Amino acid sequence: MMTKENIDKVLAELGELKCKTLKEVEEARVRFLGKKGEVTALFEEFRGMDKEFKKQFGRALNDLKQAAQARIESLKADIGPEAGEGDTASDLSMPGDSFDLGSRHPVSIVRQEIVDIFRKFGYDVAEGPEIEDDYHVFEALNFPPNHPARDMQDTFFISSGHPNPLLLRTHTSSVQVRTMETQHVPIRVVCPGRVFRNEAISARAHCIFHQIEGLYIDEGVTFADLKQAILLFAREMFGPQTQIRMRPSYFPFTEPSAEVDVSCNICHGKGCNVCKGTGWLEILGCGMVDPNVLEASGIDSTKYSGFAFGMGLERIAMLKWRVNDLRHYFENDMRFLEEFDTVV
Ligand code: DAH
């Protein structure tokens, strides 16, 4: 019934409305303003009234409708946007914003692959300083002072005129020495790291590059163990058909020493331009740790023996991806870096 009291009653109900969710606000809207809502019903009634009554209630009814709409809007605003109710920014079912993860550097990929292979063989990872002293880079590795073997590695010296000058390590073999000084036998480690040599930068040489060193010391380690370790590594790295060959070589810290070639995985030994027609690719240097090197680090060479090996990571990356210009690995050109890997 349209009376002043009824209109006031509806107004009072609107004032007392409490909603916790947008769903409740919508229910309230239907209750008052929906097709069968209380306000709508009063308007229906109003339509059939005499002119005189219309005059009396017209304004009050319009005010009521406006008050109802304003109340519903303010209830909605109090709750704010809710997930899934018209607010797309916080729709948890929407796919997230993607952002660029970058990609791993090819040298990092190769380092990780090699470390993972040797981890399977039971090797730990050891690291040492890039700024080293002469003792750990040369002397303890059986390079006597002024020995011509030092010329094999053009060195950046940091201090001179000192009996044990500081320098940038020229190879990761220095980490062998630090490991032997601090760990107990048996020792089984691989030592990845950055090395420095005073070389003119070209497609085949750089003043900074990366190596990984391996060292195994125990009782009764023989050259046959070395050969088997290298063969297993080569097959894991380059495929199960891979063959290796060892050529006699010279390193001051190993005796005997060898260089290792793997069968060319491109032409399978037939000869191509990557292996320069030989069917073989050189991958590393190795040998049995010289007894002088063991003794220098306090390991009894009459009781223990071991082998060591070292390889260049850029060299392995070059063989893997056939990128034959070393400079690419250091220029940080995104177009180059993105070629290798997209998952970090
Ligand atoms: N340190 C050598 C180099 O940088 C590589 C190497 C050769 C490491 C023979 C070894 C090894 O451990 O046994 O040229």
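Helices here are DSSP runs of at least four residues, numbered from the N terminus. With that in hand, let's walk through the charged pairs and cysteines of this predicted model.

Helix 2 covers residues 22-33, and because glutamate 27 and lysine 23 sit 4 residues apart in it, about one helical turn separates them. The two form a salt bridge, one of 16 in the structure. Glutamate 27 is partly exposed at 47% relative accessibility, while lysine 23 is exposed at 58%.

| Pair | Closest N to O distance |
|---|---|
| Glutamate 27 and lysine 23 | 3.9 Å |
| Glutamate 259 and arginine 247 | 3.6 Å |

Glutamate 259 forms a salt bridge with arginine 247. That pair links strand 7 to strand 6, across 12 residues. Salt bridges with shared partners join Arg245, Arg247, Glu259, Asp261 and Glu282 into one network.

Within strand 7 you will also find aspartate 261, which is buried at 3% relative accessibility. Its side chain makes a polar contact of 2.8 Å with the side chain of arginine 245, and another of 2.8 Å with that of arginine 247.

What about disulfides? The structure has 0. The sulfur of cysteine 275 lies 3.6 Å from its closest cysteine sulfur, in cysteine 267, which is too far for a bond because a disulfide needs the sulfur atoms within 2.5 Å.

Conventions:
Residues are numbered from 1 along each chain as its sequence is written. This is a predicted model: local features need pLDDT of at least 70, side-chain atom pairs count only at pLDDT 80 or more; totals for chains, interfaces and linings use all residues. Side-chain values use heavy atoms; hydrogens and water are left out. Helices (H or I, at least four residues) and strands (E, at least two) are DSSP runs, numbered from the N terminus. Buried means under 20% relative accessible area, exposed over 50%, partly exposed in between (1.4 Å probe, protein chains only). A polar contact is a pair of N or O atoms within 3.5 Å; within protein, one must be able to donate a hydrogen and the other to accept it, and residues adjacent in sequence count only if both atoms are side-chain atoms. A salt bridge is a side-chain nitrogen of Lys or Arg within 4 Å of a carboxyl oxygen of Asp or Glu.
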